[in-house]
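Subject: Handover of a structure and notes on its aromatic rings

Dear colleague,

Please find below the structure that I am handing over to you.

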Amino acid sequence: MTPKEVMQKTFDCFESGDMEVFQTLHTDDVVVTMNGSHSLSGTYNGFADFIENMIANIPSTFPENFSVTPESMMAEGNMVFTHAIAKGDGLDAYFGFRAEVDGGAIKRLWIYADSQKLSNSFQGQ
């Protein structure tokens, strides 16, 4: 798969909930950085950390009906930037995802979002 195909497949798996394939699209030592200053901001070191401390918290933190839809992807070499729209109850915002793909899997991922808009939509906050 090309780096763009890896990134598209990642979004497809996230949407369908296929975490088994989602895992194969990331290296075991993936480093994920979520920008902002909210409860999920920070750097996650390794796939287990990313799943357990970020992805697993999405249902209880992000707004009801949360979705992320890629609008465009640009690739140069092994780097892919995805411009996406995030929606949910009380949320309509743009996200950016910058991924470094190595050997058919994401090795580094940066998630850029309007952190104020995102945190204002968090459940129970």
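The notes that follow concern the aromatic rings.

Please bear in mind that this is a predicted model. It contains 5 aromatic pairs.

One of these pairs is formed by Phe-22 and Phe-50, whose rings are stacked, with 6.3 Å from centre to centre and 25 degrees between the planes. Their angle falls under the 30 degrees that counts as stacked. Phe-22 belongs to helix H2, which covers residues 19–24, while Phe-50 belongs to helix H3, covering residues 47–53; the pair therefore ties together parts that lie 28 residues apart in sequence. Phe-22 is buried, at a relative accessible area of 3%, and Phe-50 is likewise buried, with a value of 3%.

A further pair joins Phe-95 and Phe-97. Here the rings are tilted, with 35 degrees between the planes and a centre-to-centre distance of 6.0 Å. Phe-95 is buried, with a relative accessible area of 4%, and Phe-97 is also buried, with 9%.

Arg-98 lies over the face of Trp-110, at 4.2 Å from the ring centre.

With kind regards

Technical notes. Residues are numbered from 1 along each chain as its sequence is written. This is a predicted model: local features need pLDDT of at least 70, side-chain atom pairs count only at pLDDT 80 or more; totals for chains, interfaces and linings use all residues. Side-chain values use heavy atoms; hydrogens and water are left out. Rings of Phe, Tyr and Trp (its six-membered ring) pair if their centres lie within 6.5 Å; planes under 30 degrees apart count as stacked, over 60 as edge-to-face and the rest as tilted. Helices (H or I, at least four residues) and strands (E, at least two) are DSSP runs, numbered from the N terminus. Buried means under 20% relative accessible area, exposed over 50%, partly exposed in between (1.4 Å probe, protein chains only). A charge sits over a ring if NZ of Lys or CZ of Arg is within 6 Å of the ring centre and within 35 degrees of the ring normal.
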